Amino acid sequence: MRFRILLAAAAATVSLAAGAAELVVGLSTPITSLDPHFHNLTPNNSLAKHVFETLTRNDEQQRLVPGLAESWRTLDATTWEFKLRKGARWHDGAEFTAEDVVATLKRVPLVPNSPASFAIYTRAIKEASALDKHTLRFRTDKPYPLLPNDITSVHILPKKIAENAKTEDFNSGKAMIGTGPYRFSEHVSGDRVVLVSNDKYWGPKPAWSTVRFKMISNSAARVAALLAGDVHMIESVPTADIPKLAKDARVTLVSAVSNRIIYLHFDSGREKNSPFVTDKAGKPLETNPLRDPRVRKAISKAIDREAIASRIMEGQAQPAGQLLPETFFGTSKRLPPEKYDPEGARKLLAQAGYPDGFGLTLHTPNNRYINDEKIAQAVAQFLTRAGIPTKVEAMPSAVFFSRGSKLEFSFLLAGWGAETGETSSPLRSLLATFDTAQGMGGANRGRFSDAGLDALISTALTTIDDTKRGLILAAASEKAIAELQGLVPVHYEISTWGMKKGLSYKARADQYTFAFEVRTGR
Amino acid sequence: MKLLEVTDLVTEFHTREGVLRAVNGASLALERGEILGLVGESGSGKSVTGFSILGLIDPPGRIASGSVRFDDLELLGLPEESMRRVRGKRIAMVFQDPMMTLNPVLSIETQMMETVFAHEATTPQDARRRAIEALARVGIASPGERLAQYPHQFSGGMRQRVAIAIALLHKPELIIADEPTTALDVTVQGQILYEMQKLVRESGASLIWITHDLAVIAGLADRIAVMYAGRIVEEGPVAEVLDAPLHPYSRGLLDSVPAANAGAGRLNQIPGMAPSLLRPAPGCAFRERCTRAEDRCCDPPALTQMNGRAVRCCNPLQGA
Amino acid sequence: MTVYVLRRLAQTLLVLFVTSALVFGGLFLVGDPVEILVNPNADQAEKLRAAAALGLDRSVLEQYWIFLRGAFTGDLGRSFVFGRPALDVILERMPATLEIAFLAMLISVCLGIPLGLYAGLRPADPLSKTIMAGSILGFSLPTFWVGLLLIILFAVELGWLPSTGRGPTVEFLGLQLSILHWEGLRYALLPATNLALFKLSLIVRLTRAQVREQSLLDYIKFARAKGLPRSRVIGVHLMKNIMIPLVTVIGLELGSVIAFAIVTETIFAWPGMGKLVIDSIFQLDRPVVVTYLLVTVFMFIFINLVVDILYSVLDPRVRLSEAKG
Ligand SMILES: Nc1ncnc2c1ncn2[C@@H]1O[C@H](COP(=O)(O)OP(=O)(O)O)[C@@H](O)[C@H]1O
Ligand SMILES: [Mg+2]
């Protein structure tokens, strides 16, 4: 009997959903948790931003725009005041107030068992107080200009939930109460998340009555699901399918240069016996040529970025000359991609004392970035041609990052997505001197170090004035790349979304897939 | 009218090497209640003759020509369903190896009752009762209990008794027993032989007893047919044939029976090997091994009838 | 019989223990979960916090000891990624895998045995030859490729069936099953077919070989000599005998279909255990991987036990020897 009723209910759901305005989206990576403060991972955050909102947020080019906060300003170098939006309501009808934000900030660092905490975004805030229902004040220890950027990842919960809810309560749906344009409806782990529109949303009315996110990690299957009409939109269209889909009349593709750079990192820490540097015969080389900026420059010149972007990436990459594309904050106008110049590379090698070159092994992940292993193979070929015979060793990212962080490599390929949407993010993590106490150089797997660059970065990180900070960051980028060759940029990934004809989406630099930004018509 | 008349039966197997004539124009006849001993060396086509009568030749084999008349029925070319109604009901067969005849995964009860149901619509109780009776008749103690058991719980001799009980279930008019004692211990052989003879006599059924052992035939059969290379080479009343065989091959068989020449202290094996059935040479098939072979043996010998006996030889022993 | 079960139980525990130790050690050598779990923007302090939160700041022996202590009370640890008990995560995904595995085996058995029978009984028939040729294809085509082909054919071109994902479910005996729901079954059909193809070929070939071998045996001829109808000779006498080896193989294959559903689940975005464990391996989510393997090993052993029992039901000769032992 019970069986029958359930059956009828399930059938009813299906037919209802099919009739109304529904958007079905194929996601490339599974959502692992619905708790917006548990596992800091792109698909989790992307989903959270439909149900929950943040005080500040990024537009499609990662420029800061108001969210639950209408405006913000600094009162002095360490005090921030945020004016909150009036009229925003929680899904249960209660009014959104400053108290909710204060309670949320308390919860973030305390979520138990979190594998990737959101505390990195709230750590700078030493004190948060609600002046009135719609005015907040934050105090930091040091001047911290990135505070508005950081809190684009802090999803605000109602006070009651922030104080009481456990991660399980979000996964069960009980605690999924936000202010966002969509309300939570259903979650089947590893399969789908279903949202329904929040008709009382303070902002523009949600265009879809139902949004269904289906997790389809296999890219060929994702494309097939789009072509079969089972989903209306997919993210991360595989590069190999792009030429075919571009010609398909049923499909629209949109793309944007992302905030992720693919780069080469060198062992510039060890003076001697870098593990994978050999002479031409394959015997370990005692001196470490990679410490010499001329050698690194030679490697940069030896790579034909245009060829990699067009042939390996099928046009889904933009050759890079610095840490972020020029449109981002804190970039330099004077850093075009290094020209392909194998002759120049040889000359530089000779100047550096390696007229006959030397041998290298390039380590790369093979399941982390778009075509990662293929790019590494191409780089190796270019280097081999320029007189540096290079082998490639590819491995799953789980192995790669562990070994990389233990400094087991001499030369590696990796990627960096600037979450903050400005250059201090890659500068401090990849190029600042490794310093656990200061939290600098966390992903500096080559142990590159330059005191002058460190000084520029720390100045930038304490300069509140945006214009000034932008100039300092640009200068730091020029120093790090053009002068010191702290790393060699290869390209910026281009992210592509595919959707059925008639839908439109503003392709985003941060790779998020937002159903509330998907429109019908032009 | 004869119960069974097999005339010019040809059964061949299409093998990779060519067409193999296992039975090459054999003829047999049997009266009601008569026991016929069918003897011959291994490979001479005795079993294939038996299976041909029952229509149990499967591809790559086929019955190429001839006729098998059973009572008023022509069995060759009979529709499958009519043939099925003859098998097990009017003609039953007992096989050589009792270890292989019964289905190892079905109980004796199942295997007996299904035989009853195959030919009669009756109640399970009745079928069971008849199965128990049949087991008792072949000398199986506490048949009610044994019925529930499986073949592996029986000895070889016991299994053959079960097979015989199954064959007798429908009181068949003809039983073809294909060397039913060959695979058994010598002591058991005698018992089975004795009981089989008794049961057949009691029921008045006819019996074709296939064997390569002449000693068994002597006490059992009314008539004897000697088979060689797919043909019947000699046929006649058992006493006459054994006393005075006409065909040199029959003589050879007799000489190779241990009891017959116990005094001589040696066995007279027939020299040479059985001929190839794939590409038979023209003329008498026994020619190559025959001490009496002459030039005219190169022509195929005809079957000669005399005084109720028949022989297929150009140069028979008692120069008729 | 009890001795037999006890001995099996002891063996099971030993196998589970060895499996857990191997996986634990293996994953430890592969890499540090913290490196892959924390956000790349995290600084060193956050990495230390994450290591402590996940219990990864202790020595590997200490971690294993904690795991063993928990395992004896039924606690197999908490998933790093999901933050939930690993066993819950696995069990939540298990019905999805089990249902396509069973559906696949059902397809393989329901099609494979009749096709194998046909090919075995009529070896010279052109249809039989087609069946056998088809089974070679089923063996040799890669699952991944066939999966995509099925999607392109039945979902993209013909539009008959959904391309990916799992349909609506119905609760049955406490399990969420989609194959009991008409719409859900439509979703399950392509992945189950994909998974079934290899097993189907195997069963066709095995059945045919068995039929060929058994039909020549005397008991079949004797059954026919008794005057049994062909249907009974094949349906009872032949089938009961060929089922004995078939049941063993079907049992073992059911185990392997569950274990190797990974590829199919990935292509069809089927939210089962296989897909989960692949993601978990890449994220070094050790508790989930260890639990998955323990559950799988346990399932294998359980299926083996069921096969043994079935075997003894089917084959009276086995029943006797077991009673002795
Ligand atoms: N199924 C078969 N396929 C091929 N040849 C067969 C088959 N059955 C019997 N034969 C051949 O037919 C000949 C006669 O066999 P059979 O009648 O069994 O001899 P026997 O007189 O020992 O009973 C033998 O040469 C045997 O090899
Ligand atoms: Mg024989």
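Predicted model: local features only at pLDDT ≥ 70, side-chain atom pairs only at ≥ 80, totals over all residues.

I started with a salt bridge: Arg123(A) pairs with Asp43(C), and their closest N and O atoms are 2.6 Å apart. The rule I used asks for a side-chain nitrogen of Lys or Arg within 4 Å of a carboxyl oxygen of Asp or Glu. Across the interface of chain A and chain C that rule finds two salt bridges.

Residues are numbered from 1 along each chain as its sequence is written, chains are lettered from A and ligands numbered from 1 in the order in which they are written, and side-chain values use heavy atoms, with hydrogens and water left out.

Back to chains A and C. How many residues of chain A are in contact with chain C? I found 57, against 57 residues of chain C (contact means heavy atoms within 4.5 Å). The two chains bury about 4,500 Å² between them, 55% of it from carbon and sulfur atoms. Buried area here is the accessible area (1.4 Å probe) that two parts lose on being put together, summed over both. On chain A's side, Asn113(A), Pro115(A) and Ser189(A) supply 12% of the buried area, more than any other three residues.

Eight residues of domain 1 of chain C touch six of domain 2 of chain C, and the two domains bury about 480 Å² between them. In domain 1 of chain C, Pro33(C), Ile36(C) and Phe67(C) lose the most area to domain 2, together 55% of what that side buries.

Last stop, ligand 1. Which residues of chain B sit around it? My list includes Phe13(B), Glu41(B), Lys46(B), Ser47(B) and Val48(B), each with a heavy atom within 4 Å of the ligand. An oxygen atom of ligand 1 is 2.6 Å from an N or O atom in the side chain of Ser47(B). For Lys46(B), a polar backbone atom is 2.9 Å from a ligand oxygen. Val48(B) also has a backbone N or O atom 2.9 Å from an oxygen of ligand 1.

Notes: Polar contact = N/O pair within 3.5 Å; in protein donor to acceptor, adjacent residues only side chain to side chain.
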